Amino acid sequence: SRSPMSSAPSPRFRPLPFLLVSAAAILLAHGVDRWAFVHLADPGLSGEDLGRMLRVMGFLPLWATAALALVLHDWPLRAERGTRAALSRGVLLLLGAGLGGLAAELLKLLFRRERPRAHAGEYVFRAWTERPFSTGGLALPSSHALVAWGAAAVLAHLFPRARWVWYALAAGCSWSRVAAGAHFVSDVVLSAVVGLLVGEGLWRWHLRRSDPHPAA
């Protein structure tokens, strides 16, 4: 499928291979969680320019600003293609990041696994009777990583030739959260899986709205 504003085909989604690879990645991540907590920790990264850049990829206001920039860039198209087309790319990007963040908060309340550094890298789950509607201190999945992956998945469809740049930034954000000791590897792997699904779902919704007969 193609974006109405792009001449390059967007990444093709194959559900079964995606689900199989995702399940294997999540299982593998759980197998290396403890090792990664001990050996991949780099607390100093968060104070470096690189670490700050990677973490901010999961900062929702960054993507809100980028979405506004896209709308301003596309706004002249409203005369030719209508207001919806002029708004679509910016709205998609904002939704990708925003729904990613919302999904992270809801899943944290469901899984209730606490941060690794609070328990020396051990899995500890919060009881349902303790702060049942607070995500503070919960880690599965990572909100930063899921925001970054939701945005990256949308950008990979909007600007498919640069998709590996968006994925690399999201992966870097994920790595920065593991290095900080704030998340297990499995936290950020689940974030990537859910973020990619959010982006794919939004893209299909976008194609249905913009083209009554979208390409398969």
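Buried means under 20% relative accessible area and exposed means over 50%, with partly exposed in between. At 35% relative accessibility, Y123 therefore counts as partly exposed. The model described here is predicted. Its largest nonpolar core has 38 residues, and its largest pocket holds about 430 Å³ of space.

**Nonpolar core**
- Within the largest nonpolar core, the residues with the most contacts are W63, L92, L93, W149, L158, V185 and V194.
- Two or more residues of this core come from each of α1 (15–39), α3 (60–74), α5 (83–111), α6 (143–158), α7 (163–179) and α8 (185–210).
- The most is given by α6, with 11 residues.
- Leaving aside neighbours within four places in sequence, W63 is in contact with M57, L93, A97, V147, A148, A151 and L155.

**Largest pocket**
- The lining has 17 residues, of which R12, F13, F18, Y167 and L196 are the closest to the pocket's centre.
- At least two lining residues each are supplied by α1, α6, α7 and α8; α1 gives the most, with 5 residues.
- By class, the lining comprises 12 nonpolar, 2 polar and 3 charged residues.

**Aromatic pairs**
- The count comes to 5 aromatic pairs.
- One of them is the tilted pair F13 and F18, at 5.1 Å centre to centre with 50 degrees between the planes; F18 counts as buried at 16% relative accessibility.
- Y123 and F184 pair edge-to-face, at 5.0 Å centre to centre and 90 degrees between the planes.
- This pair links distant parts of the chain, 61 residues apart: Y123 lies in the loop between α5 and α6, and F184 in the loop between α7 and α8.
- F184 is buried, with a relative accessible area of 1%, whereas Y123 is partly exposed.
- W149, W164 and Y167 form one aromatic cluster.

Technical notes
Residues numbered from 1 in each chain as written. Predicted model: local features only at pLDDT ≥ 70, side-chain atom pairs only at ≥ 80, totals over all residues. Heavy atoms only, no water. Core = buried A, V, L, I, M, F, W, Y, C linked by side-chain atoms within 4.5 Å. Buried < 20%, exposed > 50% of the residue type's maximum accessible area, 1.4 Å probe, protein only. Helix = DSSP H or I, 4+ residues; strand = E, 2+ residues; numbered from the N terminus. Contact = heavy atoms within 4.5 Å. 1 Å grid on protein atoms, 1.4 Å probe; cavity = no way out; pocket = protein on both sides within 12 Å on 5 of 7 lines; lining within 4 Å. Points joined across faces, edges and corners; volume = space filled by probe spheres on them. Nonpolar A, V, L, I, M, F, W, Y, C, P; charged D, E, K, R; others polar. Phe/Tyr/Trp six-rings, centres within 6.5 Å; stacked < 30°, edge-to-face > 60°.
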